Amino acid sequence: MLHLRIIAPGDRSSAVVDLLGGEPGVTHLVVLPGAARRPAGDLVLCDVVRESADHVLRRLQDLDVDVRGGIAADDVELTLSQAADRAAEEAPGHGEDAVVWDEIAAKTGEQTVLTGTFLALIVVATMIAGIGVLLDQPILIVGAMVVGPEFGPLAALCVALLRRQPRVVGHSVQALTVGFLVAMAATVLSTWALTAAGLVGRDMLLAERPMTDFIWRPDALSWVVGLLAGVAGMLSLTSKKSGSLVGVLISVTTVPAAANVAVASAYGVWHEAAGSALQLVINLAAIVLAGLLTLVVQLCWWRHVARRAAHTVPRQRADQPSPVSASRRPRRDEG
């Protein structure tokens with residue numbers, strides 16, 4: 001469930017309250033006439049179940065509330081209310097499957113900025129993976145996967161492609177391109193430094209590495225793994241079940257490949273560097289493709305749910321007064 005805090009302009013307040021009052025997935029509706037000061041307007045508070053949230057937010061934006069007023073949404077971790085239970089029962093769909101597109105866009109949009117923290121994390125992750133490649137140590141590879149931050153820009157790229165936002169697409173591609181290039185350059189330098197210190201050597205790269213040689217040998221399974229990673233990552237994002245394990249699944253096909261490109265380049269083993277680069281490109285493309293297709297399927301599904309719900313007339317809930325009467329309460333300036 002989401003808690004909405006809405007500043008409704010005076011001439012749109014009645015329409016906003018009528019809208020919220022008529023939605024079966026909205027409950028705990030509170031109207032404070034004239035309470036907002038900047039921007040000025042009525043303060044409207046309500047809770048909305050996740051399966052109705054996207055529809056409600058879209059209709060509020062159709063009323064220009066986001067332009068002339070404001071809309072803020074927060075997750076509600078705990079709700080003890082029979083009214084909320086009834087709202088969840090009456091709303092179409094299921095909250096676990098619900099997609100709130102504005103929430104996803106806001107969350108992923110933050111991941112497209114090329115920050116120092118992002119660069120530091122991807123550099124550290126690639127350097128750890130580079131050492132793991134030389135030592136043929138899966139533990140180090142998994143450690144690098146945990147640190148890798150590339151899932152954010154990849155998810156943002158999928159969402160931006162679906163919503164046709166070229167600016168966000170450009171920022172996502174920039175973050176991924178610059179991030180991996182800087183990380184691989186730093187890993188080349190670190191490999192040379194470790195070699196000069198006598199800690200690693202070219203013979204370690206050329207030796208049999210049964211635990212990690214899959215990284216530079218792309219095949220059909222590379223596409224399969226990348227597609228599965230993209231589906232899992234996007235579902236975790238849209239269903240609010242994202243966590244470090246999802247990042248590990250995404251990184252299994254990206255950060256180690258980038259690290260192998262850098263290490264092989266440092267030692268001039270160009271066939272292995274080329275194989276790793278191809279692995280990286282295949283898996284990035286597969287993740288984006290699968291993530292985008294997952295979003296398309298979810299979008300089509302929720303449009304189907306909305307069409308089915310449109311044929312059902314919501315019954316007036318006993319816990320909520322008539323939206324007409326609620327919207328006609330006198331404003332402060334009306335005495």
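Q: Buried means under 20% relative accessible area, exposed over 50%, and partly exposed in between (1.4 Å probe, protein chains only). Which class does Thr115 fall in?
A: This is a predicted model, where local features need pLDDT of at least 70, side-chain atom pairs count only at pLDDT 80 or more, and totals for chains, interfaces and linings use all residues. Residues are numbered from 1 along each chain as its sequence is written, and side-chain values use heavy atoms, without hydrogens or water. Thr115 has 32% relative accessibility, so Thr115 counts as partly exposed.

Q: Where is Thr115 placed?
A: Helices (H or I, at least four residues) are DSSP runs, numbered from the N terminus. Helix H5 covers 101–109 and helix H6 covers 116–135. Thr115 sits in the loop between H5 and H6.

Q: What is the C-alpha to C-alpha distance between Thr115 and Gly179?
A: In sequence, Thr115 and Gly179 are 64 residues apart. In space, their C-alpha atoms are separated by 9.6 Å.

Q: Which residue's backbone nitrogen does the side chain of Thr115 reach at 3.1 Å?
A: A polar contact is a pair of N or O atoms within 3.5 Å, with one able to donate a hydrogen and the other to accept it. Thr115 uses its side chain here.

Q: Which class does Leu289 fall in?
A: Leu289 lies in helix H14. Its relative accessibility is 41%, so Leu289 counts as partly exposed.

Conventions
Helices (H or I, at least four residues) and strands (E, at least two) are DSSP runs, numbered from the N terminus.
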